[in-house]
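Please read them with the structure open.

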Amino acid sequence: MLTKYFLQRPLPGFKRGMKIEAVDKRNPTLTRAATITDIDDYRVKVHFDGWDEIYDDWFEADSTDIHPVGWADKTRHPLEPPLSK
């Protein structure tokens, strides 16, 4: 019976519209400014700010590729700013 407690994952604390910093899966050396646009249980849809929606990507909520705002600065990773038109 204890097994079920170890298999449950806490629900993620993300909300639609939340700003984050996310690794670009197409170019994993880059961390970009991004926004959460959708949530599906333990997955979040990430929109890279300034990019077309075709580049949006789904991440597991506990992925090591999504971070709170300020993570890149604290860890001294370069943060790619949003594209401007």
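1. Overall layout. Along the sequence the chain follows the pattern α-β-β-β-β-β-α-β. That comes to two helices and six strands, where helices (H or I, at least four residues) and strands (E, at least two) are DSSP runs numbered from the N terminus. The model is predicted, so local features need pLDDT of at least 70 and side-chain atom pairs count only at pLDDT 80 or more, while totals for chains, interfaces and linings use all residues. Residues are numbered from 1 along each chain as its sequence is written, and side-chain values use heavy atoms, with hydrogens and water left out.

2. Of the 85 residues in the chain, 29% are buried; buried means under 20% relative accessible area, exposed over 50%, and partly exposed in between (1.4 Å probe, protein chains only). Among contacts (heavy atoms within 4.5 Å) with a separation of 6 or more, 42% are between residues 24 or more positions apart.

3. Strand pairing. Strands count as paired if DSSP finds at least two bridges between them. E2 and E3 pair in the antiparallel sense over six bridges, and Asp-38 stands opposite Lys-45 in E3. E3 is also joined to strand E4 (residues 57–60) by four bridges, again antiparallel. In that pairing, Val-46 has Asp-57 in E4 as its bridge partner.

4. The E2–E3 turn. These two strands form a hairpin with two residues between them. Asp-41, in the loop between E2 and E3, has a positive phi of about 55° although it is not a glycine. Its side of the turn is open to solvent by the accessibility criterion: Asp-41 is exposed, with a relative accessible area of 56%.

5. Arg-76 lies in the loop between helix H2 (71–75) and strand E6 (79–80). Its phi is positive, about 60°, although Arg-76 is not a glycine. With a relative accessible area of 78%, Arg-76 is exposed.

6. Nonpolar core. Which residues form the largest nonpolar core? There are nine: Ile-20, Ala-22, Ala-34, Ile-36, Val-44, Val-46, Phe-48, Phe-59 and Ile-66. The term covers a set of buried Ala, Val, Leu, Ile, Met, Phe, Trp, Tyr and Cys residues joined through side-chain atoms within 4.5 Å. Strands E1 (19–23), E2 (31–40) and E3 (43–48) each supply at least two residues of this core, and E3 gives the most, with three.

7. Surroundings of Ala-34. Leaving aside neighbours within four places in sequence, Ala-34 is in contact with Met-18, Lys-19, Ile-20, Ala-22, Val-46, His-47, Phe-48 and Asp-49.

8. Salt bridges. The count comes to five, taking a salt bridge as a side-chain nitrogen of Lys or Arg within 4 Å of a carboxyl oxygen of Asp or Glu. One of them joins the side chains of Arg-16 and Asp-38 (2.7 Å, N to O). This pair links distant parts of the chain, 22 residues apart: Arg-16 is in the loop between helix H1 (3–7) and E1, and Asp-38 is in strand E2. Arg-16 is exposed, at 55% relative accessibility, whereas Asp-38 is partly exposed, at 26%.

9. Two further salt bridges. What is the N to O distance between the side chains of Arg-32 and Asp-24? In this salt bridge it is 2.7 Å. Arg-32 is buried, with a relative accessible area of 9%, and Asp-24 is buried at 10%. Asp-40 and Arg-43 meet in another salt bridge (3.6 Å, N to O); Asp-40 is partly exposed at 37%, and Arg-43 is partly exposed at 31%.

10. Charges over rings. The criterion is NZ of Lys or CZ of Arg within 6 Å of the ring centre and within 35 degrees of the ring normal. Arg-43 lies over the face of Trp-58, 4.3 Å from the ring centre. The charged end of Lys-25 sits over the ring of Phe-59, 4.4 Å from its centre; Phe-59 is also one of the core residues.

11. Aromatic pair. The structure holds one. The rings of Trp-51 and Tyr-55 have their centres 5.4 Å apart and their planes at 80°, so the pair is edge-to-face. Rings of Phe, Tyr and Trp (its six-membered ring) pair if their centres lie within 6.5 Å; planes under 30 degrees apart count as stacked, over 60 as edge-to-face and the rest as tilted. Trp-51 is partly exposed at 26% relative accessibility, and Tyr-55 is partly exposed at 31%.
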